[in-house]
Amino acid sequence: MNRRIIPAALMALFLLSTMSTAAPEKIESGSQLTIAKNLIGSASAGKEIQQISPAGRIAPAATKGGTYFLMGNIKDASGVIDTDRGTQQTSFGGEIAFSLREDDKGIQTLELVRLNLLSPGVGTAAGPSGTIGLNLIEDSAKTNYDQKSGQISSQFRSRLHYALIDKTKGFIPGGGKESDVFYSYIETMSGQLDAKLPLDLKLAEGSTTSLNGEIVLVLDDPVIGALQNMRIVISIRDLWISMTEPAEILNVQPVFIGTGRSDPTATGTVYPTLIRRAAEIWNRCGTERCLTIRSNDPIYIDDDGYRVIEGGETAIITGTSEAYDLMDEVDVLDAVEVFVVERWDPFFDGGGATWSSGTASAKIVTCDQQLDVPCPPPSGLWGCSGGSCGDVNYYHLAHELGHVLNLCHPDPGDYCGSGMSRGSANSILEPSGFCRDNPDVQSARNCRLSSSPLLYWGRSACTGSPDISD
Ligand SMILES: [Zn+2]
């Protein structure tokens with residue numbers, strides 16, 4: 001991208017957009033919020049809570065007023081992206097949330113606290129962009145809210161990633177003791193949200209309101225710079241108002257090698273156990289934040305060539321491993337793909353890894369040997385001297401999903417990707433190698449710092465609580 005054109009051209013677009021009125025005429029997007037009421041303080045709360053979401057961040061009690069969350073899923077929002085091949089149209093999904101604090105005099109202060117955006121991508125000069133994902137860099141963004149008019153204006157910065165960045169630049173190996181995570185190069189954008197809430201906004205627990213507006217994003221820190229600025233029209237009919245946050249869902253798409261469900265030789269034998277353990281350990285976030293791991297039905301690839309991934313760590317680092325061809329086989333927009341092969345030849349350090357960690361393009365490749373580590377333990381791998389063999393790695397997938405959720409290894413000596421957070425020491429984010437399991441320990445910090453453009457608001461029970469705080 002020609003950086004010299006940024007200031008004049010992009011600022012003009014930015015200013016134009018900030019001056020335009022919200023609620024544009026061409027609104028194709030709807031919104032769906034699949035959340036039930038979370039009846040904190042209600043007489044029927046006990047029963048409801050079992051079925052819905054008891055968890056989430058409970059706002060501090062206030063004698064009058066209080067803090068509410070306004071949340072909605074963005075669906076099919078029309079977007080226009082200026083690319084290095086001209087202007088392209090696409091659609092975005094995602095999630096948005098504000099916190100709204102009302103003081104005892106009824107004065108309301110609003111903050112944008114979540115904005116995830118996800119698009120299947122557009123064409124660029126170098127080919128399809130692939131999945132585009134954006135999420136906020138900061139926990140909350142400076143937001144002006146005019147209570148009288150309902151007008152919201154928020155400035156924020158977002159992490160931008162799309163699959164073409166990985167294809168062009170490759171990955172940054174996490175290094176350290178266990179090489180099970182490969183980071184993407186990340187771009188950043190400056191964003192502005194101009195939107196409108198209804199004039200007569202009533203803050204009632206469990207009620208809904210609407211939100212109409214637009215988001216303008218300008219690239220400010222390019223890596224390949226194929227996508228330069230974006231304009232997205234949002235129209236959310238059901239923005240849910242509650243004093244607690246509901247569940248956020250992460251969809252997992254399993255991919256096995258074989259002809260189908262009835263193929264007795266199909267890979268993926270470890271998956272039911274590993275996904276159950278992963279769902280359980282992330283469900284423990286409950287009292288801190290409700291995160292739910294949900295699995296799609298498996299997709300099968302009928303190609304025996306993928307049963308054994310040949311080429312070791314060097315092939316992975318140089319981008320020549322078969323694992324990359326495998327990952328190119330399946331792309332599900334709103335899910336993290338988990339490819340399960342029979343084994344790696346030679347053995348690969350953790351027996352599996354996450355690529356594009358923390359982004360919407362995140363994918364995991366792992367193997368059925370996680371619960372069938374050869375005996376005696378393979379030599380030459382970190383952690384295998386004095387380690388175990390057999391059914392060892394029950395928490396391996398839970399650990400890799402931590403990488404998907406933007407968390408790095410706790411050890412400061414390991415690389416941590418741009419805008420990512422370190423997981424807690426002695427928690428599930430601690431690397432373990434192929435011959436030891438990751439700790440069966442969840443932390444409040446891991447839960448709090450998790451993020452992914454793939455997360456969306458949903459209905460789920462969160463019954464657990466973290467084992468440790470930090
Ligand atoms: Zn790891």
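Two residues are in contact if their C-beta atoms, placed from the backbone, lie within 7 Å. This is a predicted model: local features need pLDDT of at least 70, side-chain atom pairs count only at pLDDT 80 or more, and totals for chains, interfaces and linings use all residues. Numbering starts from 1 along each chain as its sequence is written.

**Exercise 1.** Find the buried residues of H4 and what covers them.

Step 1: pick out its buried residues (20 or more other C-beta atoms within 10 Å of their own).

Step 2: look at the cover, which includes strands S14 (247-257), S15 (291-295) and S18 (335-341), plus helix H7 (396-404).

**Exercise 2.** Work out which way the residues of strand S20 (352-355) point, and which strands pair with S20.

Step 1: in a regular strand the side chains alternate between the two faces of the sheet.

Step 2: here Gly352 and Thr354 go one way, Ala353 and Trp355 the other, and all are buried.

Step 3: check the partners (pairing takes at least two DSSP bridges). S10 (181-183) is parallel to S20, with 2 bridges, and Val181 sits opposite Thr354. S21 (363-367) runs antiparallel to S20, with 4 bridges; there, Thr366 is the bridge partner of Gly352.

Key. Buried ≥ 20, exposed ≤ 12 C-beta atoms within 10 Å, placed from the backbone.
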